[in-house]
Amino acid sequence: MGRFNFGFGRRKQETASYETEGTSALKPEMNPWQEMADEMNAEREVAEKQKASTERQQRKIVACMLTGDYNVIWDHDVALPMGAEDEVLRRLGAGEITKQDEEEFLLKIGGPIHKEGGAGRILGKLEQDEWQKQLFGWTTGRTVSGKGVESVFEEIRDVDLRTPVGFEERREGVLEWLKPQVSEQQYAHYEKSMDDLEKTLYGKRFEYYQAFEGLREKAVGGQDLLAEEQPTIRKQEVYWNGWERQEELLRSARIDGDVWKQNGRDWTLTTEVLRNNDLGPKYKAQIENQEVDLSDVYELGGGRVAAVAYVPTNDGVKVRSYYRSNSQGVWRYMPDYARSAQTGEGIGWYGKSYSEEATTLPYALQEALATIMESQGVKEVQNTNPKFIFAGTAKAYDSIGDYQAALGSGQMRGDFYDEVSSTSDTQEFGRISYDKQRPEDINMRFGYEPDFGRVMADYKSESGLVGKMETEVFQSNDGRYNWLMCTDAKNRSWVGGIETSSPITSTGCRKEWVSAGDVVTPLYEYERMSSGYGDYEDVRPPHYVGMWKNYLSRMPLIRKYQEYKYRRGY
């Protein structure tokens, strides 16, 4: 069995407290209802103590199976790191942890037979319980009063019956033989007495055997549950548009962007520029009830890539620009921008509208773009400044100050501000502030969390900042939201976005959007926005710091997602 450095910790010894015995004569007489309640409470307390004991034993089993260190058996308890139990359940479900491994573990625990005078004490208990005595005879072929019983004790010490694992076949054989011959009530009594017999023969070994088998059942049950819950993932289909369809779309295209300023001149984007640079509507994707036609993905510079979108509407075909975010790795729509403060030209700042989340594209459109990029690669625009093509579809402001003034006064221009809601669908995902919340405090109501049993999509893509990445999309527990859960090649995860189920607008964005605050902290954050959580051993130029080590890995939701991935085996 291999050894792993899982960083186990010993738990503090628990202390039991007992009431001081009093004189019954001093106690008031209790009514029958109170006596019944006390009995129920006592039974509940015993059950809770037994449950706590079993869980403690299972933690020790997990630690031992992962590390090979049998010394953990003698600790009062161990603290397991994240994913440890899931890894053992995976191995149990895959058959990598065998019955022989289980028996080797149980053999480290001494039984009653190994104590001085143990055989005599076992014999005495069997003599006092007719049910155990009878079952002992049936399972071993010896009578308690016969001379041959001592040889069975030798087997318990040294041979086949050393642990409950070796006793399994005899136990099941006797119970199977009994079941058709006795009443249901009698059979239940025989089952309980069989447990009592194994406690008599094996003591603590039997307790740990039950704990081990509980893990084994959980592993098998978990595998079955995952197999049942895992839906068929519908891949987003992308179709090639024939030349006639491409020309038809280009003839109806309407470009509603402001002029591009470069080298003291104004330039206006036209369909002829798009055609000459081979960025026409080559591909068709159907996103719910809205058709969106897409160009090849092209290089924008600075690690970013972009695509031209053609969205058929009743007012003609609207031409839009989409780009892939460096930090989040998701695709967004750019409705507007601010020109450079130094030159008054080019792009000085990408417009965020009400929020970056408002401009994030639906996951189906994200998958379509990832498909195009994977199959066709990234085009390098040769004849024109690619930023002109990108910005030529958007509204422009001479400075960030002008942009913010227009946003604050409700004077923003363009279809986006007519069609997309100005406020978030919900504030339930945590506050937005310049100072990040403690990652451990980022929690949300159960209904809003992703249900990792409801996979809507799974696709691979690549980001200039993150590198190769995979995105899985999960529906929330209440069905209102879609969660884009992203993971890089180093198995580090983050929330790429949270999407509502509202209608698709002519921009390709949804009408409603979610303000997710620190929940959507990216894998690499601007240093000035990292609130001191940045990992300066993991930086990306020019000004990004890694957020995995000190932030994302400590968020409860990300920890749950990582545990889910452990269970799935990747």
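This is a predicted model: local features need pLDDT of at least 70, side-chain atom pairs count only at pLDDT 80 or more; totals for chains, interfaces and linings use all residues.
Two strands count as a pair if DSSP finds at least two bridges between them.

Let's begin with the hairpin of β17 and β18. It has 4 residues between the strands, and there G479 takes a positive phi near 80°. The two strands pair in the antiparallel sense, over 7 bridges. Look for T471, which stands opposite C486 in β18.

Now the next hairpin, β18 and β19. Again 4 residues lie between the strands. Here N491 has the positive phi, near 65°. The strands run antiparallel and are joined by 7 bridges. Find M485 in the structure; V495 in β19 stands opposite M485.

P450 stands opposite S476 in β17.

We get an open sheet of 4 strands, in the order β16-β17-β18-β19, with antiparallel pairing. Which strands stand at the edges? They are β16, residues 450-463, and β19, residues 493-500. Each has a single partner strand, so one side of each is left without a neighbour in the sheet. Neighbouring strands here are turned by 25° against each other on average, direction ignored.

What packs on this sheet? Another helix, α17, spans residues 556-568. α17 lies across β16, β17, β18 and β19, and runs at about 105° to β19.

Back to β18 for a moment. How many of its residues are buried? The count is 8 of 8, so take "buried" as under 20% relative accessible area. In a regular strand the side chains alternate between the two faces of the sheet. In β18, both faces are covered. Y481, W483, M485 and T487 are buried on one side. N482, L484, C486 and D488 are buried on the other.

Next, some cysteines. Is C64 buried or exposed? C64 counts as buried, because its relative accessibility is 0%. C509 is buried too, with a relative accessible area of 0%. And disulfides? The count for this model comes to 0.

Let's move to helix α8, residues 184-202. E198 lies in this helix. Is E198 buried or exposed? At 1% relative accessibility, E198 counts as buried. Which residues is E198 in contact with, leaving aside its neighbours within four places in sequence? They are P164, F167, R171, G203 and F206.

Last topic: the largest pocket. About 1600 Å³ of space lies in it. The lining has 44 residues. Nearest the centre of the pocket lie K352, E356, Y526, R528 and M529. Several elements give two or more residues to the lining. They are β14 (349-350), α12 (356-359), α15 (400-408), β19 and β20 (524-526). Which element gives the most? That is α15, with 3 residues. Note that β19 turns up here as well as at the edge of our sheet.

To recap, then. The sheet is open, with 4 strands and antiparallel pairing. The largest pocket has β19 among the elements that line it. Thanks, and over to your questions.

Terms used. Residues are numbered from 1 along each chain as its sequence is written. Side-chain values use heavy atoms; hydrogens and water are left out. A disulfide is a pair of cysteine sulfur atoms within 2.5 Å. Buried means under 20% relative accessible area, exposed over 50%, partly exposed in between (1.4 Å probe, protein chains only). Axes are lines fitted to C-alpha atoms, for helices over the stretch in contact, and angles run from 0 to 180 degrees between N-to-C directions. Contact means heavy atoms within 4.5 Å. On a 1 Å grid over the protein atoms alone, a cavity is a set of points where a 1.4 Å probe fits but cannot get out, and a pocket is an open set with protein on both sides within 12 Å along at least five of seven lines; lining residues have an atom within 4 Å of a point. Grid points are joined across faces, edges and corners, and a volume is the space filled by probe spheres set on the points.
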